[in-house]
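Reader: I would like to learn how to read a structure like this one. Could you walk me through it step by step?

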Amino acid sequence: MSLNRDAAMNIAQVLTEALPYIQRFTGKTIVVKFGGNAMVDEELQNSFARDIVMMKLVGMNPIVVHGGGPQIGDLLNKLNIDSNFVNGMRVTDSKTMDVVEMVLGGTVNKQIVSLINRNGGEAIGVTGKDGQLIRAKKLEVKAQTPEVSTSEIIDIGHVGEVASINKSVIDMLLNSDFIPVIAPIGVGKDGASYNINADLVAGKIAEVLQAEKLMLLTNVAGLMNKDGEILTGLSTAQVDDLIADGTIYGGMLPKISCALDAVKCGVTSAHIVDGRVSHAVLLEIFTDIGVGTLITNKSL
């Protein structure tokens, strides 16, 4: 079946628009946090996998960090294990941590590896415990109690934050031409496992590698102003102002803060990407318009 002239011209235009971006980002490291709708919708799963394979084929170094909150919640429900949350974080006792490791390090991680491999890539899955890739420390959570005016430190169990990243593990995988798929489970000094927010892990990995881009897939169109218009091409100073004036608040604040920290620590740009859009990753990297919010440390 031959293409008509208009369809052929459209393809040529797309390829021509993509070319300078391919040339600019060849050899660069791109850290992508995979989560939200893109993880559970079959069409979006396959478009994501093809995006990652395409990036590798044109000479980029994609690294995938994934979440799995809904999948963890589903299995906990099936096992009749109650979930409690403090400041949006799941209280993780030893029994819950076993489920977290099973879901993130086993089921979800291997599904993503298989997905990328089926679409022509060569992915390898690891958790932060492998080679002590993610060294973790216990996260202290402070909450205001109604009885007293001061904050109280609440123990939420095996929930951690990144203490350090073992860069040599990722370098080994990239030098072997594999696409790393990383589950956000860290290991403490005592060998204990810790569940860490996937956005934070992706951000820290991007910082340590001084990545070209950090891309956070989410279930919104991007950062919006008070009129509901998507904002992009933002400097770190502009983002600080948007936080200060209350434009950025609520559930978007931790994600934007993660992106902002990465850019301030040397990552060239961070992107809040609408994962509900098919081929969102390629559209954000290879087109002039993109499908999300770009925060950069360079003049546009």
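This is a predicted model: local features need pLDDT of at least 70, side-chain atom pairs count only at pLDDT 80 or more; totals for chains, interfaces and linings use all residues.

Reader: How should I think about the two faces of a strand?

Author: Here is the general idea: in a regular strand, side chains alternate between the two faces of the sheet. Now take strand β2, residues 61–66. On one side are Asn61, Ile63 and Val65, on the other Pro62, Val64 and His66, and all of these are buried.

Reader: Why is β2 described as largely enclosed by the rest of the structure?

Author: Six of its six residues are buried, so β2 is largely enclosed by the rest of the structure. Strand β1 (residues 29–34) pairs with β2 in the parallel sense over six bridges, and Val31 stands opposite Ile63 of β2. Strand β10 (residues 179–183) also runs parallel to β2, joined to it by two bridges. There, Val65 stands opposite Ile182 of β10.

Reader: Which strand pairs with β1 over four bridges?

Author: That is strand β13 (residues 213–218), and the pairing is parallel. Ile30 stands opposite Lys213 of β13.

Reader: Do β15 and β16 run parallel or antiparallel?

Author: They run antiparallel, joined by five bridges. Val273 stands opposite Gly292 of β16. By contrast, β14 and β16 run parallel, with two bridges between them, and Ser235 has Thr296 of β16 as its bridge partner. As for burial, β16 is mostly covered, with five of its five residues buried.

Reader: Which residues make the contact between α4 and α5?

Author: From α4 come Gln71, Ile72, Leu75 and Leu76. From α5 come Thr96, Val99, Val100, Met102, Val103, Leu104 and Val108.

Reader: Now the rings. How many aromatic pairs does the structure hold?

Author: There are two aromatic pairs. One of them joins Tyr21 and Phe25 in a stacked arrangement, 6.5 Å centre to centre with 25° between the planes. These two residues are four apart in helix α1 (residues 5–25), which means about one helical turn separates them. Tyr21 counts as buried because its relative accessibility is 14%, and Phe25 counts as buried because its value is 3%.

Reader: Why is the pair of Phe34 and Phe48 called stacked?

Author: Their ring centres are 3.9 Å apart and their planes lie at 5°, so this pair is stacked. It links distant parts of the chain, with Phe34 in strand β1 and Phe48 in helix α3 (residues 42–57), 14 residues apart. Both Phe34 and Phe48 are buried.

Reader: Let me finish with a loop. Where does Val277 lie?

Author: Val277 is in the loop between β15 and α10 (280–286). Because its relative accessible area is 29%, Val277 is partly exposed. Leaving aside neighbours within four places in sequence, Val277 is in contact with Leu44, Leu283 and Val291.

Reader: How many Å separate the C-alpha atoms of Val277 and Tyr249?

Author: The separation is 24 Å, for two residues that are 28 apart along the chain.

Definitions and conventions. Residues are numbered from 1 along each chain as its sequence is written. Side-chain values use heavy atoms; hydrogens and water are left out. Buried means under 20% relative accessible area, exposed over 50%, partly exposed in between (1.4 Å probe, protein chains only). Two strands pair if DSSP finds at least two bridges between them. Rings of Phe, Tyr and Trp (its six-membered ring) pair if their centres lie within 6.5 Å; planes under 30 degrees apart count as stacked, over 60 as edge-to-face and the rest as tilted. Contact means heavy atoms within 4.5 Å.
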